[in-house]
Amino acid sequence: MRIARFSIDGNVAFGAIEGDQQDELVLDIIKGIPFADFELSGTKVPVSKVRLLPPVLPNKVVAFGRNYAEHAKELGNEVPDAPFAFFKPSTSVIGPGDEIQYPSFSEEVHHEAELAVVIGRMCREVPRERVKDVILGYTCANDITARDVQRREKQWARAKGFDSSCPLGPWVETDLDASDLTIQLTVNGQQRQLGRTSEMIHSIEDLIVNISEAMTLLPGDVILTGTPAGVGPLNVGDEVAVTIEGIGTLTNKVVKRG
C-alpha cells in the first residue's frame, strides 16, 4: 500500500494511493492514522486536486553517513567500522514539490539521494529478527548538505539540519523488499547519482538495531540509510528529483532563501 499525507480545503489527512498513471492517481481517505489499525473510507479524491505533504512528521530523523563505500571514497573519508549516525531536526523536513531554500551561510550545497525507512511503532532495543515488525514502510529522501559548512564546522548540525534540508516523499510504500532497489537522482533531468540499496555497507537491520540500542524510536520517525556515490552541487533554480524503484519520485526545486 502507498500511504500519502495530504491537505485539501484546509484539512490534513492520510490516504491510500490507487492507480499507476500519474495523472490518474486517486486517494482513498484513511479513517484514523496509519500507525494503528485503520480503515479506508471509500471517499476518493484525485491526487491532482490535493497538495501532497511530507508523508510523515517525524519526531526525529536519524541519518547514517558513509554507508556506501564509493560515496565515502569520493569525499576522501574512511568507511566506518560501525554505523555512523547524526540527526536532522523535524524542522528540516519538507514534502514533494516544496522548495529547498538555499541557506545564506553556504556557497556549496549538495544533493544526496537516500532510501528512508519510516518507523511504524514505538520500539527500543529491537532484535535483528524483529526489525521488519517495527517498519511501516519506505519513502524517498534527499539529505541536502551544506558541504562547505560541513567541512568547516566538523559538527554537522548546521550543515545538515537547516530548514528544508530533508525532503521526503512522495508517499510511504508499505509492501516492499528494500534490500536491492535502484536509487537514482537527476538535476534538471540529467542523471547525477545511480546506485542500489544492496551496496549499503550496513543493512537496514544493522542500522535499526544500532540506533534502537541507544534510544526509543517513535511512530513516524525516519531513518536515512546513506547515499550512493555521485553527490554534487545544487544551484538556485535547479530541479532535483530522487527516484527509488518500487516507491516513486520525489521532486523539489531550489530557491534563494528569502
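Modeller: Let's start with Lys154, which sits in the loop between α2 (147-153) and α3 (157-161); helices (H or I, at least four residues) and strands (E, at least two) are DSSP runs numbered from the N terminus. This is a predicted model, in which local features need pLDDT of at least 70 and side-chain atom pairs count only at pLDDT 80 or more, while totals for chains, interfaces and linings use all residues. Residues are numbered from 1 along each chain as its sequence is written, and side-chain values use heavy atoms, with hydrogens and water left out.

Most residues other than glycine have a negative phi, and most peptide bonds are trans. A cis peptide bond turns up too, joining Gly169 and Pro170 with omega about 5°. Pro170 belongs to strand β14 (residues 166-173).

Now for the wider setting. UniProt, in an unreviewed entry, lists residues 60-255 as "domain: Fumarylacetoacetase-like C-terminal"; such annotations may be inferred rather than shown by experiment. That stretch, residues 60-255, is 14% helix and 39% strand, with its end C-alpha atoms 25 Å apart. The UniProt annotation "domain: Rv2993c-like N-terminal", also from an unreviewed entry, covers residues 1-55. Residues 1-55 are 0% helix and 56% strand, and their end C-alpha atoms lie 13 Å apart.

The chain is also divided into domain 1 (2-51) and domain 2 (61-256), with bounds from an automatic or database domain assignment. Nine residues of domain 1 are in contact with eleven of domain 2, contact meaning heavy atoms within 4.5 Å. About 760 Å² is buried between domain 1 and domain 2, and carbon and sulfur atoms give 65% of that; buried area is the accessible area (1.4 Å probe) that two parts lose on being put together, summed over both. On the domain 1 side, Arg2, Ile3 and Phe35 lose the most area to domain 2, together 68% of what that side buries.

One salt bridge is counted between domain 1 and domain 2, a salt bridge being a side-chain nitrogen of Lys or Arg within 4 Å of a carboxyl oxygen of Asp or Glu. Arg51 and Asp98 form a salt bridge, their closest N and O atoms 3.1 Å apart. Strand β1 (residues 2-8) gives the most to the side of domain 1 that touches domain 2, with three residues.

The structure holds 14 salt bridges. One of them pairs Glu18 with Lys44, the closest N and O atoms being 3.0 Å apart. Glu18 lies in strand β2 (residues 11-18) and Lys44 in strand β4 (residues 39-46), so this pair ties together parts that are 26 residues apart in sequence.
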